[in-house]
Amino acid sequence: MRMRYDLPQASLAECLTGYAIYSASDRNPLVNWYLPAPVMISILADAGPITVAIGNHRFGPLERASLYGPTSRAFRTVTHGGVAVGIGISAIGWSRMTSRLAGDFRNRIVPLETLLGPEVSRRLTTGLDALSDDAMIKPFLDDVLEPLFQRRHPQEELIRAFAALTVTDGVIEMQDVADRLGIETHALRRLATRHFGMLPKMLLRRARFLRSFIRLIRPDGHVDYSAIDSSYFDASHFLRDATTFLGTTPRRFLASETLFLKSSLRARAAVIGTPTQALHIPTPPVSVSSIIRTVHDGRGRRDELTS
C-alpha cells in the first residue's frame with residue numbers, strides 16, 4: 001500500500017483539510033482503522049468493494065463517490081485494492097458547500113450525489129479515472145472543487161473561532177466556550193450541529209480525547225498516561241472517553257490492525273502539520289507531499305516515509 005497527502009491550493013485552505021490518496025495493488029481484503037473525524041468525501045478508482053463499520057452500523061459496498069458524515073467513534077474499513085481519494089471538509093467548507101445540517105449525516109455514509117448531485121460525482125469519478133499519476137490528483141481536485149466553496153456564510157467568524165477553541169488544550173466546558181464567543185449556549189448548540197455535525201460537548205470531548213490518544217502512540221508500545229490532556233481528572237476519566245470514541249481501551253485498540261492508521265497519522269503530520277483531520281488548523285500551504293509505502297521485508301510489515 002502507498003499513501004500520499006497533499007494540501008489544497010491557498011483559496012481552498014479554510015474549506016478543505018487536505019487530500020489523502022491511498023493505493024494498493026493487492027486485491028486481498030485489507031482491514032484499516034480510522035479515528036473519529038469531520039466530514040470527508042471519498043472517491044474510488046479501480047477499487048474492489050469497500051465496506052465500513054461505524055459502531056454497530058454497516059455501510060457498503062460503497063458507491064464510487066461517497067460522503068462520510070462527521071463521526072464520533074473510530075470506524076473500520078475493509079478494502080480490496082485500487083485507489084481511494086479522501087477529501088477532508090472543514091466546518092467552514094461545509095457552511096459554504098451546502099445549507100444542509102451536518103448533524104443529519106453524523107455517523108452515516110451516503111452517496112455523494114445525495115448532497116451535491118450527480119454532476120459533481122460524475123466529474124470527480126471520470127476525472128480520476130483519466131489520471132495516470134498520483135501527483136496529478138491534487139490540481140484536478142482543486143479545479144473541480146473550487147466552485148463549490150464560493151458562497152461565504154454570514155457566521156464564518158463564529159465558525160472559525162469555535163473551530164479554534166475545539167482544538168485548544170484544556171477547553172472543555174460548553175459555557176466557557178459560549179462566553180468566549182459571546183453567544184448563548186443555545187446558539188452554540190445550533191452552530192455546532194449545523195456546521196460541525198454534533199453537539200458542542202461531544203466535539204470538545206472528541207478533540208480532547210484525540211489530542212491525548214495520539215500522544216500515547218509510541219514505537220515501543222508503552223502507554224504513558226501522564227501525556228493526556230490537562231483537563232482529564234485521571235487515567236480512568238480518559239479511559240471512559242476511550243470507550244466512547246474507540247469502543248475499547250487505547251492499548252487494545254493499538255494492538256489490533258492499526259499499522260495503516262499509525263502510518264497515516266505520521267504521514268499526515270509530516271505534510272499538513274496535524275496528524276488527524278479532527279485536530280486540523282488551516283496553515284499556509286507548503287510544496288511537499290509525503291508517500292508512505294507499507295512493505296514486507298521478511299521480518300514483518302513496516303512503513304517507510306519519503307518526501
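Mentor: Let's start with a term: a residue is buried if its relative accessible area is under 20%, exposed if over 50%, and partly exposed in between, using a 1.4 Å probe and protein chains only. Phe-213 has 0% relative accessibility, so Phe-213 counts as buried.

Trainee: Thanks! What should I know about the model itself?

Mentor: This is a predicted model, in which local features need pLDDT of at least 70 and side-chain atom pairs count only at pLDDT 80 or more, while totals for chains, interfaces and linings use all residues. Residues are numbered from 1 along each chain as its sequence is written, and side-chain values use heavy atoms, with hydrogens and water left out.

Trainee: How do I read the strands?

Mentor: Helices (H or I, at least four residues) and strands (E, at least two) are DSSP runs, numbered from the N terminus. Two strands pair if DSSP finds at least two bridges between them. In a regular strand, side chains alternate between the two faces of the sheet.

Trainee: Which strands pair with β2 here?

Mentor: Strand β1 (residues 2-6) runs antiparallel to β2 and is joined to it by five bridges; Arg-2, for example, has Ser-23 of β2 as its bridge partner. Strand β9 (residues 82-89) also pairs with β2 in the antiparallel sense, over eight bridges. There, Leu-16 is partnered with Ile-89, and Ile-21 with Val-85.

Trainee: What else pairs with β9?

Mentor: Strand β4 (residues 40-45) does, in the antiparallel sense over six bridges. In that pairing, Met-40 stands opposite Gly-88.

Trainee: How many residues of β2 and of β9 are buried?

Mentor: In β2 (residues 16-24), nine of nine residues are buried. In β9, seven of the eight are buried, so β9 is largely enclosed by the rest of the structure.

Trainee: And how do I read a buried helix?

Mentor: An α-helix has 3.6 residues a turn, so residues three or four places apart point the same way. In helix α4 (residues 137-145), the buried residues include Ile-137, Phe-140, Leu-141 and Val-144. Contact means heavy atoms within 4.5 Å, and the cover over the buried residues of α4 includes β2, β9 and α3 (118-129).

Trainee: Now the rings. How is an aromatic pair described?

Mentor: By the distance of the centres and the angle of the planes. Rings of Phe, Tyr and Trp (its six-membered ring) pair if their centres lie within 6.5 Å; planes under 30 degrees apart count as stacked, over 60 as edge-to-face and the rest as tilted. By this rule there are 14 aromatic pairs. Take Tyr-34 and Phe-260: their ring centres are 5.4 Å apart and their planes lie at 65°, so the pair is edge-to-face.

Trainee: Which parts does the pair of Tyr-34 and Phe-260 tie together?

Mentor: Tyr-34 lies in strand β3 (residues 30-34) and Phe-260 in helix α11 (residues 259-272), so the pair ties together parts that are 226 residues apart in sequence. Both Tyr-34 and Phe-260 are buried. Phe-213 and Phe-253 also form an edge-to-face pair, at 5.9 Å centre to centre with 70° between the planes. Phe-213 belongs to helix α8 (residues 200-215) and Phe-253 to helix α10 (residues 250-254), so this pair ties together parts 40 residues apart in sequence.

Trainee: Is Phe-253 buried or exposed?

Mentor: Phe-253 has a relative accessible area of 3%, so Phe-253 is buried. Ring pairs link a cluster whose members include Trp-33, Phe-213, Tyr-232 and Phe-253.
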